[in-house]
Amino acid sequence: MPLDLIKTFTYLSIHLTIGFSVAYVMTGSVALAGGIAIIEPCINAVAFFFHEKAWKRVGARPKLLPA
């Protein structure tokens with residue numbers, strides 16, 4: 001397994017664990033915390049996609065001042 005893929009899965013596990021833990025402490029509900037821990041990364045992935053598209057547009061603009 002490539003190192004980048006392992007790094008991605010370990011980061012995902014950390015992200016889900018922290019998300020679940022915070023949601024559980026705030027709500028006291030395992031079901032609600034589990035739902036938040038699963039849904040939040042999905043929403044973040046969509047937001048990241050549009051964030052990257054916006055930044056590509058910014059980078060594609062002609063420069064107004066010489067560098």
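Modeller: One definition comes before the rest. A nonpolar patch is made of residues with over 30% relative accessible area and no salt bridge, with nonpolar side chains joined within 5 Å. Keep in mind that this is a predicted model.

Colleague: Which residues make the nonpolar surface patch?

Modeller: Met1, Leu3, Leu5, Ile6, Phe9 and Leu12 make it, and the patch covers about 620 Å². Of these, Phe9 lies in helix α1.

Colleague: Why is Phe9 called partly exposed?

Modeller: Its relative accessibility is 46%. Buried means under 20% and exposed means over 50%. Phe9 falls in between, so it counts as partly exposed.

Colleague: How many aromatic pairs are there?

Modeller: The count is two.

Colleague: What makes Phe20 and Tyr24 a stacked pair?

Modeller: Their ring centres are 6.1 Å apart, and a pair needs centres within 6.5 Å. Their planes meet at 5°, and under 30 degrees counts as stacked, so the pair is stacked.

Colleague: Where do Phe20 and Tyr24 sit along the helix?

Modeller: Both are in helix α1, residues 3-27. They are four residues apart, so about one helical turn separates them.

Colleague: Are Phe20 and Tyr24 buried, exposed or partly exposed?

Modeller: Phe20 is at 30% and Tyr24 is at 38%, so both count as partly exposed.

Colleague: Why is the pair of Phe49 and Phe50 called edge-to-face?

Modeller: The ring centres of Phe49 and Phe50 are 5.1 Å apart, within the 6.5 Å limit. Their planes are at 80°, over 60, so the pair is edge-to-face. Phe49, at 47% relative accessibility, counts as partly exposed.

Methods
Residues are numbered from 1 along each chain as its sequence is written. This is a predicted model: local features need pLDDT of at least 70, side-chain atom pairs count only at pLDDT 80 or more; totals for chains, interfaces and linings use all residues. Side-chain values use heavy atoms; hydrogens and water are left out. Rings of Phe, Tyr and Trp (its six-membered ring) pair if their centres lie within 6.5 Å; planes under 30 degrees apart count as stacked, over 60 as edge-to-face and the rest as tilted. Helices (H or I, at least four residues) and strands (E, at least two) are DSSP runs, numbered from the N terminus. Buried means under 20% relative accessible area, exposed over 50%, partly exposed in between (1.4 Å probe, protein chains only). Patches are made of residues with over 30% relative accessible area and no salt bridge: like charges are joined within 9 Å, nonpolar side chains (Val, Leu, Ile, Met, Phe, Trp, Tyr) within 5 Å. Accessible areas come from the Shrake-Rupley method with a 1.4 Å probe; for residues, only the protein chains shown count as cover. A salt bridge is a side-chain nitrogen of Lys or Arg within 4 Å of a carboxyl oxygen of Asp or Glu.
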